[in-house]
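Colleague: I would like to learn how to read the contacts between chains. Please start with the general idea and then turn to the case.

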Amino acid sequence: MKSIPFAGWHTRNDLEKRLNRNVQFMLLGLGAAWMIMFIYVVLITLRERKLRKELDRVRRMVEHPNK
Amino acid sequence: MFLRQVWTIAAKDLHSELRTKEAWNASIAFSVVILLLFSFAFDPSSEQIQEFSGGLLWMTYAFAGALVLNRSFAREVQNDCLDALIASPVSSAALFVGKALANFSMLFAVELVSLPVFVLFYNVPWTAAQIGPMLLVLTLGTWGLTVIGTLFSALTVNLRLRELMLPTLVYPMMIPALIAAMTLTTDLLAGHPLGIGIRFLVAFDIIFTLLAVVFVDTVLVG
Amino acid sequence: MREKIIIGLAVVAAGLLAWNMNTIFTGLPDELNQGAIYRIIYFHVPANILGMLGFGLGMILSIGYLVTKDLRYDALAASVTEVSLVFASIGLATGSIWARIIWGVWWAWDLRLTSWLVCWLIFGGYLMLRRAVDEPIQRARFAAVVSVLGSVNAYISYKSIEWWNTQHPQPVLSIRDGGGMAPGMEAPIYWNLLALACFSVILVMVRMRQESFAREIDTLRRMAHAQ
């Protein structure tokens, strides 16, 4: 005889899965916010480095015009 | 004086366009092609077409309009015509309003021609009572598109990436007006009366016309 | 002096954030209907507030440039707008993730979301435009015009939940005469806002210095070519 699975078990499992997904997405959301910020800071840092290099290069070009 | 200048500029643009009919032909052809292509994408006979009929129509107008609006200031670049216009006693505001009126007339004419094509292809049921409100929506929506398109045409005319920057800047700006016009058109074609979107469209038109007239001098001359 | 300000602000921001995160995760209960996911609000709302305020500030600075013709206004406008764009991106991303749980979809075409996305596109275009124009004065002029026009859309987005029935929730914060939140849940929003605001000031300062580097490079390059 096939046993009918107890309906209560399904509900509890469902609820747990939903709660887990809830927490997962919350972490995903907070992670996304920080990730975007982090990527921007990295981009800024790279740009700063590039600008400083260019600035040094142009300064040298001005100081030694016949190089 | 201002009105005479506006009229001169508008007439000049319309004359030069009527002579060659380049933008006119391109726009009409483009709008018919878009309507045709969309009819393959969406089955025109289905009931659901009612829901996005307005959207389809205004997408067509936005794309076809870009052709007209792009040329607006671009055609002045050859032979230094733009410099001559700026140097002339015509004020920048008059130049802008004149060009905007010319663009509006051309775009409106394109729309009037493609509207029956649209009604035909998509079996849109219509009644005589809808014509008046429809024309009102067309006028307000087209003016919104024209004002923004003409201002940005002036802005991007000297950029080296003009073909890229104009759509990138113009389309997002047009979206509020497009959404309002689309919703109003869909409502109209479904048989409902005009909603409060009209007020938004009027406000949009007024605000952006004022802003454009104020800024066109900055954009052209500096 | 400048370094001290930056470090000071960074310490304040980090401290506030750490303390606030502690409150949020240990002090507050889960929300009744939403569960744990509502905590995204503590980044979603401050990021969007900063984005909108930033676009508005960028507009004021752009008008300042047009009136005074001082390029420093333009540099500040560009920096503020760029940082605001980052916060707008954070707002859009967090909102989308939140929506996936609450509404079941990643995106909805309601007017608040659409108008905010339009703002994002316009100010993204602003940054693209700045890169497309080489001449600094012309660049400042064009950017100023785009900034003012784009801010109209930012205002539309701000008011959209009041003017229309949107899928996005109606005003909730008590400062906007909203429905209010459960006790203790609203304050961390403002603390996070303060922390992120400190952080944004740091970013703007860094960006401003990069702008001044770029200006110096321009000037020196011109001198070098003149020799």
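Modeller: Two residues are in contact if their C-beta atoms, placed from the backbone, lie within 7 Å. This is a predicted model, where local features need pLDDT of at least 70 and side-chain atom pairs count only at pLDDT 80 or more, while totals for chains, interfaces and linings use all residues. Residues are numbered from 1 along each chain as its sequence is written, and chains are lettered from A and ligands numbered from 1 in the order in which they are written.

Colleague: How many residues of chain B are in contact with chain C?

Modeller: On chain B 16 residues take part, against 20 residues of chain C. Helices are DSSP runs (H or I, at least four residues), numbered from the N terminus. H7 (162-189) and H8 (197-220) of chain B are the elements that each give two or more residues to chain B's side, and H7(B) gives the most, seven.

Colleague: Which classes make up that side of chain B?

Modeller: Ala, Val, Leu, Ile, Met, Phe, Trp, Tyr, Cys and Pro count as nonpolar, Asp, Glu, Lys and Arg as charged, and the others, Gly among them, as polar. The side of chain B that touches chain C has 13 nonpolar, three polar and no charged residues.

Colleague: Which element gives the largest share of the side of chain C that touches chain A?

Modeller: Here 28 residues of chain C are in contact with 25 residues of chain A. H6(C) provides the largest share of chain C's side, eleven residues. That side divides into 18 nonpolar, five polar and five charged residues.
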